[in-house]
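Reader: I would like to go through this model by question and answer. Please begin with the ligand site and then turn to the fold.

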Amino acid sequence: MAAKSLILGTGLSGLVGSRVVELLSSQYDFVNLDLATGIDITDKSQVDRVISAHPEAHGLIHLAAFTDVSKASQQKGDREGLVYQVNVVGSQNIARVAAERKLYLIHVSTDFVFDGKNPPPGGYTEEDSTHPIEWYGQTKLMAEEAVRKSGAPAAIVRIAFPFRSHFASKLDLVRSIIDKLKTDSLHPMFADQTIIPTFIDDIATALKVFLDKKPSGTYHLVGSSGLSPFDLAQKIKTTFNLPGTIKQGSFKDYAKTDTRPRQQYLKLSNAKLKRDLGVTMSTIDQALSTLKQQLSSSTKII
Ligand SMILES: NC(=O)c1ccc[n+]([C@@H]2O[C@H](COP(=O)([O-])OP(=O)(O)OC[C@H]3O[C@@H](n4cnc5c(N)ncnc54)[C@H](OP(=O)(O)O)[C@@H]3O)[C@@H](O)[C@H]2O)c1
């Protein structure tokens, strides 16, 4: 049997990364560069050491980030803080080493690089101007810029509201709604906001296409349905036949009292992904249906 190609990755133990490994490990061997494996990406020499130890690597998927948006906002503007260090300096280190070693890099970014104020009717495209309104999104945009500037052979993929059937260490939005509907404790859901939930299994499938074709540039790797959290909760309630009540909330009212800025209409278009790479992302109905099958089957899901 032919040896599997090696993929280096950061953040492979996280919400998205661990499912990517689970779904693609029959095709690739993975080496994880993260704190648990003794690699701090904010230290370029550590990044260099581990990447140069694997000259045969086929590519690097960079997922590691400081992802708690509310906690990140407490470090706003602090370039010594962990958010800037991990998201910007860490990404700079990864990109510089990838450029030096001519290693194909997939840099994972976020829909929070947009302000969500007034997206075009079809959703933000990769050509639309970015304008992050809080520190997490600002550092993620700085990371994108560092990747572009590095000269590394790289794709930047923006994901949004990723979800999966199971991951004990961190709840995603869909599982949080399921849990709260079960106990009838769901807080009011905004009807005047747009988000794009993205099934992580689709992200993994798409990343395989990136590793095969190695395109460069920016891509929106998001689900095919933009909807309000209120509508999402209704779909989840129906799909999983859950008991709880769904109250309607107002983003506009909530935003007046919130401690950090929030994006109201985060609709992104994934048309380029389909056009250039032939990748189709699930609609929310398709993804919830698959999720339901996974949750009810005995298949081992992390
Ligand atoms: N989750 C979302 O809602 C969302 C939405 C849009 C975009 N994204 C992007 O998608 C990517 C993955 O997100 P996620 O939710 O899967 O992340 P996550 O579950 O929070 O995991 C973050 C990962 O980063 C690693 N990490 C943190 N600091 C590090 C450091 N200094 N050196 C090495 N590794 C470090 C962590 O390793 P340890 O466990 O060892 O600390 C962990 O594996 C991120 O780039 C994020 O910005 C996420």
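Predicted model: local features only at pLDDT ≥ 70, side-chain atom pairs only at ≥ 80, totals over all residues.

Reader: How far is a polar side-chain atom of Y136 from an oxygen atom of the ligand?

Author: Polar atoms of several residues can be listed for this site. A side-chain N or O atom of K140 is 2.7 Å from an oxygen atom of the ligand, and a backbone N or O atom of A36 lies 3.5 Å from a ligand oxygen. For the polar side-chain atom of Y136, the distance to a ligand oxygen is 2.6 Å.

Reader: What share of the ligand's exposed area does the protein bury?

Author: Taken alone, the ligand exposes 900 Å². Of that area, the protein buries 83%.

Reader: What is the strand order of the open sheet?

Author: The sheet is open, has 6 strands and shows parallel pairing. Strand 2 (28–33) and strand 9 (217–220) each have a single partner strand, so they stand at the edges with one side left without a neighbour in the sheet. Neighbouring strands are turned by 25° against each other on average, direction ignored. The order is 2-1-3-4-5-9.

Reader: Which residue of strand 4 is the bridge partner of L60?

Author: Strand 3 (residues 59–62) pairs with strand 4 (residues 105–110) in the parallel sense, over 3 bridges. In strand 4, the partner of L60 is L105.

Reader: In which element is confidence highest?

Author: The chain averages a pLDDT of 96, and 98% of the residues score at least 70. Confidence is lowest in helix 9 (residues 251–257), at a mean of 91. The highest value, 99, belongs to strand 4.

Conventions:
Residues numbered from 1 in each chain as written. Heavy atoms only, no water. Pairing = 2+ DSSP bridges. Helix = DSSP H or I, 4+ residues; strand = E, 2+ residues; numbered from the N terminus. Axes fitted to C-alpha atoms, helices over the stretch in contact; angles between N-to-C directions. pLDDT = per-residue confidence, 0-100. Polar contact = N/O pair within 3.5 Å; in protein donor to acceptor, adjacent residues only side chain to side chain. Areas by Shrake-Rupley, 256 points an atom, 1.4 Å probe, with all protein chains shown as cover.
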